[in-house]
Amino acid sequence: MGLRCEKSPVPFLCREPVVEQCAYCGKHFCMQHGHFDKACCKSPACLSVYKRDRAIAERRRWEDERQAIGQERNNIGLCSQPECPNGMYVTCGHCEQLYCSLHLKRYNFSFVTHTRRGSTRVKGDIVLCEVCLPYLDDYKRDRYE
Ligand SMILES: [Zn+2]
Ligand SMILES: [Zn+2]
Ligand SMILES: [Zn+2]
Ligand SMILES: [Zn+2]
(Lines give C-alpha, C1' and ligand atoms only; values in the text may rest on other atoms or scores of the structure.)
(Ligands and ions follow the chains in the order given, each with its own letter.)
Protein backbone atom coordinates (compact mmCIF):
# COMPACT_ATOMS: atom_id res chain seq x y z
CA MET A 1 0.00 0.00 0.00
CA GLY A 2 1.30 3.44 -0.94
CA LEU A 3 1.22 6.51 1.24
CA ARG A 4 -2.19 7.86 2.15
CA CYS A 5 -3.16 11.37 3.18
CA GLU A 6 -3.13 11.46 6.97
CA LYS A 7 -4.58 14.92 7.40
CA SER A 8 -8.14 14.62 6.19
CA PRO A 9 -10.87 15.09 8.87
CA VAL A 10 -11.14 11.32 9.00
CA PRO A 11 -7.54 10.13 8.62
CA PHE A 12 -6.78 7.70 5.78
CA LEU A 13 -10.21 8.16 4.21
CA CYS A 14 -8.89 10.79 1.82
CA ARG A 15 -8.03 9.28 -1.57
CA GLU A 16 -6.17 12.25 -3.01
CA PRO A 17 -2.53 11.58 -3.93
CA VAL A 18 -0.04 12.51 -1.22
CA VAL A 19 2.03 15.56 -2.25
CA GLU A 20 4.04 16.49 0.81
CA GLN A 21 5.09 15.53 4.30
CA CYS A 22 4.69 17.97 7.19
CA ALA A 23 8.15 19.12 8.27
CA TYR A 24 7.02 19.26 11.91
CA CYS A 25 4.75 16.28 12.67
CA GLY A 26 5.92 14.06 9.79
CA LYS A 27 2.37 13.35 8.56
CA HIS A 28 1.75 13.02 4.84
CA PHE A 29 -0.93 15.10 3.20
CA CYS A 30 -2.60 15.77 -0.13
CA MET A 31 -2.92 19.08 -1.96
CA GLN A 32 -6.19 19.80 -0.17
CA HIS A 33 -5.34 18.90 3.42
CA GLY A 34 -2.09 20.72 3.97
CA HIS A 35 -0.01 23.68 2.82
CA PHE A 36 2.09 22.27 0.01
CA ASP A 37 4.11 25.48 -0.43
CA LYS A 38 5.00 25.55 3.27
CA ALA A 39 5.65 21.79 3.73
CA CYS A 40 3.36 22.11 6.71
CA CYS A 41 0.04 20.47 7.55
CA LYS A 42 -2.96 22.46 8.75
CA SER A 43 -2.70 21.69 12.44
CA PRO A 44 -2.37 24.88 14.52
CA ALA A 45 0.62 23.50 16.45
CA CYS A 46 2.60 22.81 13.25
CA LEU A 47 1.63 26.15 11.74
CA SER A 48 2.81 28.07 14.77
CA VAL A 49 6.21 26.35 14.68
CA TYR A 50 6.34 27.06 10.95
CA LYS A 51 5.65 30.76 11.60
CA ARG A 52 8.32 30.95 14.28
CA ASP A 53 10.88 29.27 11.99
CA ARG A 54 10.02 31.63 9.19
CA ALA A 55 10.38 34.69 11.44
CA ILE A 56 13.83 33.47 12.52
CA ALA A 57 14.84 32.84 8.90
CA GLU A 58 13.61 36.28 7.87
CA ARG A 59 15.49 37.94 10.70
CA ARG A 60 18.65 36.07 9.65
CA ARG A 61 18.22 37.13 6.04
CA TRP A 62 17.79 40.75 7.14
CA GLU A 63 20.93 40.54 9.29
CA ASP A 64 22.92 39.11 6.36
CA GLU A 65 21.65 41.88 4.13
CA ARG A 66 22.62 44.56 6.65
CA GLN A 67 26.05 42.94 7.04
CA ALA A 68 26.63 43.05 3.29
CA ILE A 69 25.52 46.69 3.01
CA GLY A 70 27.58 47.63 6.08
CA GLN A 71 30.66 45.92 4.70
CA GLU A 72 30.43 47.87 1.47
CA ARG A 73 29.94 51.13 3.35
CA ASN A 74 32.87 50.41 5.68
CA ASN A 75 35.05 49.70 2.65
CA ILE A 76 34.59 53.28 1.54
CA GLY A 77 35.00 54.70 5.03
CA LEU A 78 31.36 55.22 5.96
CA CYS A 79 29.30 54.23 9.01
CA SER A 80 27.64 50.82 8.53
CA GLN A 81 24.13 52.25 9.02
CA PRO A 82 22.43 52.58 5.61
CA GLU A 83 22.15 56.21 4.44
CA CYS A 84 24.19 57.58 7.37
CA PRO A 85 26.47 60.36 6.08
CA ASN A 86 29.01 60.00 8.90
CA GLY A 87 32.39 58.32 8.88
CA MET A 88 33.21 55.26 10.96
CA TYR A 89 34.16 55.64 14.57
CA VAL A 90 33.63 52.56 16.75
CA THR A 91 33.40 48.81 16.15
CA CYS A 92 30.27 46.96 17.20
CA GLY A 93 31.26 44.42 19.84
CA HIS A 94 29.15 41.72 18.24
CA CYS A 95 29.20 41.97 14.43
CA GLU A 96 32.50 43.91 14.32
CA GLN A 97 31.26 46.37 11.73
CA LEU A 98 32.25 50.01 12.07
CA TYR A 99 29.72 52.69 12.93
CA CYS A 100 29.67 56.39 13.75
CA SER A 101 29.09 57.38 17.38
CA LEU A 102 25.37 58.01 16.76
CA HIS A 103 24.63 54.49 15.61
CA LEU A 104 26.20 52.54 18.43
CA LYS A 105 25.35 52.48 22.09
CA ARG A 106 27.21 51.23 25.10
CA TYR A 107 25.30 48.79 27.28
CA ASN A 108 26.17 47.61 30.75
CA PHE A 109 25.46 44.03 31.66
CA SER A 110 26.25 41.64 34.44
CA PHE A 111 25.95 37.92 34.82
CA VAL A 112 26.82 35.30 37.38
CA THR A 113 29.40 32.59 36.83
CA HIS A 114 28.70 29.50 38.82
CA THR A 115 31.63 27.22 39.60
CA ARG A 116 32.08 24.43 42.11
CA ARG A 117 33.63 26.93 44.50
CA GLY A 118 30.76 29.38 44.40
CA SER A 119 29.24 32.11 42.34
CA THR A 120 30.74 35.38 41.21
CA ARG A 121 28.94 38.29 39.63
CA VAL A 122 30.79 39.63 36.61
CA LYS A 123 30.12 43.10 35.25
CA GLY A 124 30.96 44.32 31.82
CA ASP A 125 29.92 46.61 29.06
CA ILE A 126 29.64 46.23 25.34
CA VAL A 127 29.09 48.51 22.39
CA LEU A 128 26.33 47.27 20.08
CA CYS A 129 24.74 48.43 16.86
CA GLU A 130 20.98 48.37 16.30
CA VAL A 131 21.17 45.07 14.39
CA CYS A 132 22.96 43.32 17.24
CA LEU A 133 20.89 44.71 20.10
CA PRO A 134 18.81 41.50 20.51
CA TYR A 135 22.06 39.66 21.29
CA LEU A 136 22.54 41.70 24.47
CA ASP A 137 20.51 39.03 26.28
CA ASP A 138 23.19 36.47 25.46
CA TYR A 139 25.75 38.56 27.31
CA LYS A 140 23.52 38.80 30.38
CA ARG A 141 23.02 35.06 30.67
CA ASP A 142 24.53 33.29 33.67
CA ARG A 143 27.36 30.89 32.98
CA TYR A 144 28.03 27.49 34.48
CA GLU A 145 31.50 26.05 34.61
ZN1 LIG B 1 2.04 18.81 10.93
ZN1 LIG C 1 -6.17 14.64 1.88
ZN1 LIG D 1 26.55 44.87 15.33
ZN1 LIG E 1 26.06 56.38 11.50
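This is a predicted model: local features need pLDDT of at least 70, side-chain atom pairs count only at pLDDT 80 or more; totals for chains, interfaces and linings use all residues.
# Questions about the strands, helix and cores

Biologist: Which residue in β9 stands opposite T113?
Modeller: Here the pairing is parallel: β7 and strand β9 (residues 143–144) share 2 bridges. The β9 residue opposite T113 is R143.

Biologist: How far apart in space are V122 and K140, C-alpha to C-alpha?
Modeller: In sequence, V122 and K140 are 18 residues apart. In space, their C-alpha to C-alpha distance is 9.6 Å.

Biologist: Let's zoom out; what is the radius of gyration of the protein chain?
Modeller: The protein chain has 2 helices and 9 strands. For 145 residues the globule rule gives 15 Å; the chain's value is well over that, so the chain is more spread out than a compact globule. Its C-alpha trace spans about 65 × 50 × 20 Å along the principal axes. The radius of gyration is 24 Å.

Biologist: What percentage of the residues count as buried?
Modeller: On contacts, among those between residues at least 6 apart in sequence, 32% join residues at least 24 apart. On burial, the share of the 145 residues that count as buried is 20%.

Biologist: How far apart are the end C-alpha atoms of helix α1?
Modeller: α1 runs over residues 44–75, which is 32 residues. At 1.5 Å a residue, the helix should span 46 Å. The model agrees, with its end C-alpha atoms separated by 46 Å.

Biologist: Which residues of α1 are buried?
Modeller: α1 is hardly covered, with 3 buried residues among its 32. Those buried residues pack against β4 (40–41). They are C46, G70 and R73.

Biologist: What is the phi of G77?
Modeller: G77 follows α1. Its phi is positive, near 85 degrees.

Biologist: How many residues does the largest nonpolar core have?
Modeller: In soluble globular proteins, nonpolar side chains tend to be buried together. In this model the largest such core includes L78, M88, L104 and V131. β6 (98–99) and β8 each supply at least two residues of this core. The core's size is 11 residues.

Biologist: Which residues does C132 touch, not counting those up to four places away in sequence?
Modeller: C132 is itself one of the residues of the largest nonpolar core. With residues up to four places away left out, C132 touches C92, H94 and C95.

Biologist: And how many residues are in the second, separate core?
Modeller: Among the residues of that core are C5, F29, C30 and C40. The second core has 7 residues.

Terms used:
Residues are numbered from 1 along each chain as its sequence is written. Chains are lettered from A and ligands numbered from 1 in the order in which they are written. Helices (H or I, at least four residues) and strands (E, at least two) are DSSP runs, numbered from the N terminus. The expected span of a helix is 1.5 Å times one less than its number of residues. A residue is buried if 20 or more other C-beta atoms lie within 10 Å of its own, exposed if 12 or fewer, and partly exposed in between; C-beta atoms are placed from the backbone. Two residues are in contact if their C-beta atoms, placed from the backbone, lie within 7 Å. Two strands pair if DSSP finds at least two bridges between them. The radius of gyration is taken over C-alpha atoms; the globule rule is 2.2 Å times the number of residues to the power 0.38. A nonpolar core is a set of buried Ala, Val, Leu, Ile, Met, Phe, Trp, Tyr and Cys residues joined through C-beta atoms within 7 Å.
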